[in-house]
Amino acid sequence: MPIVLPLLLLLCFFTHCTLCFSASKPQTLILPLKTETLPHGFAPHSTNKLSFHHNVTLTIQLSVGSPPQNVTMVLDTGSELSWLHCKKAPNLNSVFNPLASKSYSPIPCSSPVCRTRTRDFSIPVSCDPKKLCHATLSYADASSIEGNLASETFGLGLSTQPGTIFGCMDSGFSSNSEEDAKTTGLMGMNRGSLSFVTQMGFPKFSYCISGRDSSGILLFGEAKFAWLRPLNYTPLVQISTPLPYFNRVAYSVQLEGIRVSGKVLPLPKSVFLPDHTGAGQTMVDSGTQFTFLLGPVYTALKNEFIQQTKPVLRVLNDPNFVFQGAMDLCYQVPMNRPSLPQLPTVTLMFQGAEMSVSGERLLYRVPGMVRGSDSVYCFTFGNSDLLGIEAFVIGHHHQQNVWMEFDLEKSRVGVAEVRCDLASQRLGLGV
């Protein structure tokens, strides 16, 4: 579920990798990540409300088809179906050409894949005039894409996965065509039967994003390293009965509270629980940059953060300015100030685990935004209500320097603080 804001950060996987093979398939697959920060000129410049864009992504480079075609895909733990642009358009620099691949095979409507394995799609599949399985996908930033389901050979490093189901998309609407031009498609990594990690057959995967430099790691399989601290696990929230607003294949965990420098927000635990419709679940989503909280929780956190930062920060007094339509707590910081002041740590409290956000990860400098001699920084927690999202969403900005493990086999998410740049060096993956 991509919900992404304008840092224009690309995390790119390179083609070299470390593989540990069994006779049938790799037991562990490790890939390096590289961070690129694009020029601020790519971001929207506005003194008022900024538009909502899908333009901060984690991307992976791999090959698809026979002979192989190189593609770049957005890594998204909030989505199920992987897809590629299959039709050339003026705004697309990279597309997959199915006509040039001998291993490409469209999925007919009569196939069990079309009839049963698409049940978790938010929009039901249909049958096109050629009797092929047709899918339409929509995302939280109001973008949508549609096309046919197909099977194809995907290559990740030295490993290949024939018969991988994906969407070969030929039409749609994007909220940011500039960003679309940089990628070929999206890699769905949630718990659905058609997600990429499920089809690859790995019981778990992990990633680690550095907050210091351009390094990082993506790992499929077991992470057994002496330097990695024991992980704290929180169980996935699972329901047996389908509810209209509950995503059953998301990495949904239970947020139980929020602490600001030792002070727990005085909120009843019920405000963190999904209601009878399923609205209010907490999802861990690599397709989202920042973290979004439902209105009552966001307001309580915002007020407490303002109170604790009064001595060191000056609030931007402009009720008309809402960064990206969801982040309405911003500050004016003198441009000649060498660094941000000491800020209170915000800790997200889950069942069995915690994630702490501190220092520069709490405030984001808005590109091109200046008020007098001050830069404008915004609080990196936003209000889900302002985006029309009935959920709590934990974005990748707050996952920096945290080893994130998604254990499909045991239905849990594990976390441990780690210097991701050093982890990359230890694995020989420095880029």
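UniProt annotations may be inferred rather than shown by experiment, and their positions are given here in the numbering used for this chain. With that in mind, the unreviewed UniProt entry marks Asp76 and Asp285 as "active site". The model is predicted. The protein has 431 residues, and 58% of them are buried.

**Overall build**

- The protein contains 30 strands and 6 helices.
- Take the contacts in the protein with a separation of 6 or more: 72% of them are between residues 24 or more positions apart.
- The accessible surface of the protein is about 17,700 Å². Carbon and sulfur atoms account for 52% of that surface.

**The annotated aspartates**

- Asp76 belongs to strand E5, which covers residues 69–76.
- Asp285 sits in a loop instead, between strand E19 (281–284) and strand E20 (291–293).
- Asp76 has a relative accessible area of 0% and is buried. Asp285 is at 1% relative accessibility, so it counts as buried, the cut-off being under 20%.
- Which backbone nitrogen does the side chain of Asp76 reach? It is that of Gly78, at 2.9 Å.
- The side chain of Asp285 also reaches the backbone nitrogen of Gly78, here at 3.3 Å.

**Aromatic pairs**

- A pair of aromatic rings is described by the distance of the centres and the angle of the planes.
- The structure holds 20 aromatic pairs.
- In one of them, Phe96 and Phe166 have ring centres 6.1 Å apart. Their planes stand at 80°, so this pair is edge-to-face.
- Phe96 lies in the loop between strand E6 (83–85) and strand E7 (105–106), while Phe166 lies in strand E11 (residues 159–173). The pair therefore ties together parts that are 70 residues apart in sequence.
- Both Phe96 and Phe166 are buried.
- Tyr207 and Phe406 form a tilted pair, with 5.5 Å from centre to centre and 35° between the planes.
- Tyr207 is in strand E13 (residues 204–209) and Phe406 is in strand E29 (residues 402–407), so this pair links parts that are 199 residues apart in sequence.
- Tyr207 is buried at 1% relative accessibility. Phe406 is buried too, with a relative accessible area of 0%.
- Tyr207 and Phe406 belong to one aromatic cluster, together with Phe202, Phe205, Phe220 and Tyr251.

**A charge over a ring**

- Arg412 places its charged end over the ring of Tyr233. The distance to the ring centre is 3.5 Å.

**Backbone features**

- Most residues other than glycine have a negative phi, and most peptide bonds are trans.
- Where is there a cis peptide bond? It joins Ser66 and Pro67, with omega of about -5°.
- Pro67 is in the loop between strand E4 (57–64) and E5. Strand E5 is also the place of Asp76.
- Lys131 is not a glycine, but it has a positive phi of about 65°. Lys131 is in the loop between strand E8 (126–127) and strand E9 (133–138).
- Is Lys131 buried or exposed? At 61% relative accessibility, Lys131 counts as exposed.
- Ser411 likewise has a positive phi, near 55°. The place of Ser411 is the loop between E29 and strand E30 (412–417).
- Ser411 counts as buried at 19% relative accessibility, because the cut-off for buried is under 20%.

**Around Gln332**

- Gln332 is part of strand E22 (residues 330–334).
- Gln332 is buried, with a relative accessible area of 14%.
- The side chains of Gln332 and Asp374 are joined by a polar contact of 2.9 Å.
- Leaving aside residues up to four places away in sequence, Gln332 touches Arg314, Leu316, Arg371, Asp374 and Ser375.

Definitions and conventions. Residues are numbered from 1 along each chain as its sequence is written. Side-chain values use heavy atoms; hydrogens and water are left out. Helices (H or I, at least four residues) and strands (E, at least two) are DSSP runs, numbered from the N terminus. Buried means under 20% relative accessible area, exposed over 50%, partly exposed in between (1.4 Å probe, protein chains only). Contact means heavy atoms within 4.5 Å. Accessible areas come from the Shrake-Rupley method with a 1.4 Å probe; for residues, only the protein chains shown count as cover. A polar contact is a pair of N or O atoms within 3.5 Å; within protein, one must be able to donate a hydrogen and the other to accept it, and residues adjacent in sequence count only if both atoms are side-chain atoms. Rings of Phe, Tyr and Trp (its six-membered ring) pair if their centres lie within 6.5 Å; planes under 30 degrees apart count as stacked, over 60 as edge-to-face and the rest as tilted. A charge sits over a ring if NZ of Lys or CZ of Arg is within 6 Å of the ring centre and within 35 degrees of the ring normal.
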